[in-house]
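Here are my notes for your review.

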Amino acid sequence: MDQQEVVAAAAREDEASQLIYRIERPVYNETLIQTKLLKRKEDTTTNCQKLAEKFQCSSEKAKSAALSFMPILSWLPSYPVRKYLFSDVVSGLSTGVVQLPQGLAYAMLAAVPPVYGLYSSFYPVLLYTFFGTSRHISVGTFAVISLMIGGVAVREAPDSMYMNINATGSNASDAINVELRDKSRVQVAVMVTTLAGLIQIVLGLLRFGFVAIYLTEPLVRGFTTAASMHVVISQLKYLLGVETQRYSGFLSAIYSVKAVLSRITSTNIATFLLGLGCIIFLYVIKVLNERFKKKLPIPIPGEIIVVIVSTSISYGLSLSKEYKVHVVGNIPTGLRPPAAPNISLLPNLVTDSFAIAIVGFSMDVSLAKIFALKHGYSVDGNQELIALGLCNFISSFFQTFAVTCSMSRSLVQESTGGKTQTALAAIIMVNLIGMFKQFRDIPSLWRTSKIELAIWVIAFIASVLLGLDYGLLVAVTFAILTVIYRTQSPKSSILGHVANTGLYCDVDEYEEAAEYEGIKIFHSNSSIYFANSDLYVNSLKEKTGLNPEHLQAARKAQKKQKEKANSNQSSPLKICAKYKDEAVTHEVLPQGHVAVAEDQKNGQFGDRHGDSASEEAVFLEPFSTVHSIILDWTSATFIDSVGAKAIRQVIKEYATVDVRVVIAGCNRNLLAELDTLKFFTKDLTTDILFPTVHDAVLHCQHSNSHPSVAAVSDMT
């Protein structure tokens with residue numbers, strides 16, 4: 001067998017292995033589909049019956065509700081002790097070693113004493129065990145949420161409210177009643193947590209788990225990167241050992257940096273060296289954990305090592321007394337009894353609590369879904385809202401501040417700390433390195449999506465300059481505006497047929513796509529509603545090159561020239577028409593013969609005067625050969641009354657210049673909306689609707705070749 005035979009055999013084999021899509025049927029329009037092809041199912045159930053069925057109680061529904069509300073009941077009875085217990089204990093101990101110091105560090109960000117961070121590392125974790133749906137996330141303190149709470153606490157209980165009038169000395173802390181200030185800030189943090197938890201519970205019961213979709217990934221990453229900037233800036237004074245005021249609100253980051261730089265000459269060298277040493281050590285440990293994570297049974301607990309070593313050095317060398325290194329001090333033992341939050345603080349905290357509730361849930365559900373996808377199970381967004389809300393609401397009565405989970409596996413735990421404030425600042429900064437790597441998103445988004453890049457940048461800049469609460473509001477608003485912008489600026493195109501495929505593609509983009517003679521297929525990748533209906537119509541006229549107003553004006557000019565020619569019996573009339581690249585001039589006799597020009601359709605005339613006074617030339621612009629326009633609605637998902645009115649008007653305008661407009665690819669839900677909007681009338685029937693573009697093309701070709709079969713309705 002020679003080479004040509006081998007190639008031919010391979011081609012035949014390849015052709016035989018391909019699936020063939022072949023179907024022969026009549027051309028369908030919506031009228032035919034409704035009368036002969038499809039019949040709607042009749043729903044005989046009354047609204048009362050539906051309501052009674054929904055609220056009917058049964059043992060199965062009760063069991064399902066119980067398992068949904070407390071997921072622990074579904075997995076605990078079948079828990080494989082021998083298979084999972086040892087690994088879970090090891091994992092729990094490892095997480096606990098990191099979680100407890102985290103509480104100390106994040107309490108600093110929340111502007112409350114460190115012991116309250118320990119409370120926040122205990123109660124919520126216990127509650128989430130019963131109500132949460134994720135098997136892998138670690139609920140507890142989190143840098144972004146702690147910083148947001150700290151901003152509110154500082155705003156509501158600033159240092160200026162607790163100045164000691166009789167204080168002496170240059171140390172700023174001596175002039176402040178720290179005990180009273182911290183007590184007030186704890187009350188603020190607890191009230192914010194109570195309200196945030198209540199908001200999360202209510203949203204969960206109302207099935208509002210979908211709200212997280214408005215916090216897109218670029219928005220969250222830009223926002224959390226900005227939060228990292230705030231965190232690092234807030235820790236600079238601890239790292240350098242200088243005393244400065246804590247700022248919140250607009251431009252707080254800039255004011256904080258300015259305050260630190262203004263006192264940089266007062267840097268405590270011992271504090272700075274200890275902090276720098278902790279940073280270097282922790283960074284090396286993180287690199288080793290990342291590089292050898294497959295070989296290490298558990299990560300090296302660098303944070304707890306720093307806690308022990310820094311505390312030992314602080315105690316052994318008397319850093320507090322000898323070198324003025326600030327330390328956390330004594331941490332009370334035991335747990336506090338439950339207490340009700342201070343309700344009088346509520347009016348000023350609603351907006352902040354809502355922002356904290358939404359951000360906390362977004363962090364929780366995004367990470368929970370990542371682990372669920374990896375390990376092959378599902379999480380319930382609404383139940384996660386309820387679980388997180390219960391963790392915050394119930395725990396707040398035990399003096400905790402709002403919690404969520406870690407943002408990603410690369411960060412694992414956002415921060416840990418120890419007894420020395422310098423060590424806490426160093427550990428926080430090192431563990432934020434992973435979050436600062438999100439700056440790598442910028443070049444990637446520049447290449448893939450300029451709009452998402454804009455969301456990232458706006459979220460970052462607004463959150464840095466305006467604070468996390470207002471920054472989040474600006475970022476979400478901007479993200480919603482980008483959605484409106486996309487729907488108002490859709491991509492539109494004229495489609496052409498790819499021979500022997502049944503496919504229709506953009507003629508400007510693909511060489512194989514060719515237009516049918518006399519037919520324009522208009523496609524826009526958006527729905528049609530009040531915000532973009534005018535743009536849709538303008539784009540339609542621009543892309544097709546057919547403007548009914550211009551064509552009507554041309555007809556009026558044609559009529560005027562005819563009347564003028566009839567009145568001028570002595571002078572011959574020259575009609576000059578240009579067809580493609582050739583100019584042809586015909587001399588037409590006056591009176592009845594001029595009527596020949598009247599029979600032409602879609603022509604445009606312009607007035608030109610010849611050089612001779614005894615004759616007049618009328619130049620005829622190229623005639624439009626388009627007789628049909630097909631609106632491809634395969635991408636449209638909804639239409640409102642404004643959009644429906646605009647489409648109805650377009651069909652009417654084109655009908656006056658003998659161009660039929662039909663619609664293809666309209667889905668059943670969109671069709672139901674058109675029925676509801678009373679789109680169809682006696683003159684405008686469902687005959688203009690076709691299930692596919694090809695159905696519409698065949699109909700337009702057939703109608704044009706048999707004009708008596710499908711006359712255009714007079715809608716004027």
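1. Cysteines first. This is a predicted model. Cys-666 is buried, at 13% relative accessible area. Cys-391 is buried too, with a value of 0%.

2. Salt bridges, overall. The search of the whole structure returns 11 of them. The next points take up some of the pairs.

3. Asp-695 forms a salt bridge with Arg-25. Their closest N and O atoms are 2.6 Å apart. Asp-695 sits in helix H28, residues 693–705, and Arg-25 in the loop between helix H1 (3–17) and helix H2 (30–37), so the bridge ties together parts that are 670 residues apart in sequence.

4. Are the two partners buried or partly exposed? Asp-695 has a relative accessible area of 2%, so it counts as buried. Arg-25 is at 36% and counts as partly exposed.

5. A pair of neighbours. Glu-156 bridges to Arg-155, with 3.0 Å between the closest N and O atoms. Glu-156 is partly exposed at 23% relative accessibility. Arg-155 is partly exposed as well, at 34%.

6. A buried pair. Asp-159 forms a salt bridge with Arg-185, and the closest N and O atoms are 2.9 Å apart. Asp-159 lies in the loop between helix H9 (143–156) and helix H10 (178–205), while Arg-185 belongs to helix H10, so this contact ties together parts that are 26 residues apart in sequence. Both residues are buried.

7. Backbone at Leu-251. Its phi is near 60°, a positive value in a residue other than glycine. Most residues other than glycine have a negative phi. Leu-251 is placed in the loop between helix H11 (217–240) and helix H12 (252–262). Its relative accessibility is 33%, so Leu-251 counts as partly exposed.

8. Backbone at Gln-399. Here phi is near 65°, again positive in a residue other than glycine. Gln-399 falls in the loop between helix H17 (381–396) and strand S2 (404–405). Is Gln-399 buried or exposed? Its relative accessibility is 12%, under the 20% limit, so Gln-399 counts as buried.

Definitions and conventions. Residues numbered from 1 in each chain as written. Predicted model: local features only at pLDDT ≥ 70, side-chain atom pairs only at ≥ 80, totals over all residues. Heavy atoms only, no water. Salt bridge = Lys/Arg side-chain N within 4 Å of Asp/Glu carboxyl O. Helix = DSSP H or I, 4+ residues; strand = E, 2+ residues; numbered from the N terminus. Buried < 20%, exposed > 50% of the residue type's maximum accessible area, 1.4 Å probe, protein only.
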